[in-house]
Amino acid sequence: MAEILSVIADGGGEQVALPARLGAECLSALPVTGVGVALMTADGPSGVVLAATDRRARQLEELQFALGEGPCVEASGSGRPVLQPDLAATGSAGSARWPRFGAAALDAGVHAIFAFPLRVGAIHVGVLDLYRDTPGPLATLELADALAFADAATVVILHLQDHDEHGGVSAALTGPIDSQAEVHQATGMITIQVGISLAEALLRLRAHAYATGRTVSAVAADVVNRRLYFDDSELGAITQRDDRS
């Protein structure tokens, strides 16, 4: 994952282009013909497509939002990758895994789909979808690479939520701790509270900021001032505390 983040960060340009660069790198590294990255909520697709390597990939992402079904919906809901190496085997009417989406994908010439949920704990961040024109599974090493791209996509999305606050793209993406002292301090506190690594603590911090629509710095300030406490619950953790207690 670190190598992927380093490559896309070194590309320069606007930070909002990071998902597109990640999609392009994924397309180059894996035997697929299309890549999509879409935001998700606990209720399903948000309708926001952050990256699509071609028009067909974008159409398929948008179709899953419109229909409320498809591999990205299933992967995000279950929290597990959905690997469908032969869509035609399950795409016929009456027995389809995704009756409407499956037929539309086959009509578009897609025969294999691999969807990877982007989540931190129970917080839904997004989905990485890989499309292929020909049927067939991903090999073991290819699957491992796809999972690494999914981890990198999670970091990218959480980073973009707070991108206005940070100057250096490479440092913010690849470093385990942000440069700001308060974020650094909050990350260390979460590490102790939950018993996790610094990298995982920073992901938890960013995921909570993403889920609540706040900046990472604002959430970090609450942690440092003991207004917010992270625990090891499924939701990642949040217990509000009253300063007067």
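User: How are H9 and H10 oriented to each other?

Analyst: Keep in mind that this is a predicted model. Helix H9 (residues 198-212) and helix H10 (residues 216-224) pack with their axes 9 Å apart, at an angle of about 115 degrees. Angles of 65 to 115 degrees count as roughly perpendicular. So H9 and H10 are roughly perpendicular to each other.

User: Which residues in H10 do Leu205, Arg206, His208 and Ala209 in H9 meet?

Analyst: H9 passes H10 in a right-handed crossing. By class, the contact has 6 nonpolar, 1 polar and 1 charged residues. On the H10 side, the residues that meet those four from H9 are Val216, Val219, Ala220 and Val223.

User: And what about H3 and H5: how do their axes cross, and is H3 roughly parallel or antiparallel to H5?

Analyst: The axes of helix H3 (residues 55-67) and helix H5 (residues 99-107) come within 10 Å and cross at roughly 160 degrees. Angles over 145 degrees count as roughly antiparallel. That makes H3, relative to H5, roughly antiparallel.

User: Is Ser76 buried or exposed?

Analyst: Ser76 lies in helix H4 (residues 71-78). Its relative accessible area is 2%, and the cut-off for buried is under 20%. So Ser76 is buried.

User: Which side chain does the side chain of Ser76 join through a polar contact?

Analyst: Leaving aside neighbours within four places in sequence, Ser76 is in contact with Met40, Thr41, Pro117, Arg119, His124 and Val127. A polar contact of 3.1 Å links the Ser76 side chain to that of His124.

Conventions:
Residues are numbered from 1 along each chain as its sequence is written. This is a predicted model: local features need pLDDT of at least 70, side-chain atom pairs count only at pLDDT 80 or more; totals for chains, interfaces and linings use all residues. Side-chain values use heavy atoms; hydrogens and water are left out. Axes are lines fitted to C-alpha atoms, for helices over the stretch in contact, and angles run from 0 to 180 degrees between N-to-C directions. Helices (H or I, at least four residues) and strands (E, at least two) are DSSP runs, numbered from the N terminus. Angles under 35 degrees count as roughly parallel, over 145 as roughly antiparallel, 65 to 115 as roughly perpendicular and the rest as oblique. Buried means under 20% relative accessible area, exposed over 50%, partly exposed in between (1.4 Å probe, protein chains only). A polar contact is a pair of N or O atoms within 3.5 Å; within protein, one must be able to donate a hydrogen and the other to accept it, and residues adjacent in sequence count only if both atoms are side-chain atoms. Contact means heavy atoms within 4.5 Å. A crossing is left-handed if the near helix is turned anticlockwise from the far one by less than a right angle, and right-handed if clockwise. Ala, Val, Leu, Ile, Met, Phe, Trp, Tyr, Cys and Pro count as nonpolar, Asp, Glu, Lys and Arg as charged, and the others, Gly among them, as polar.
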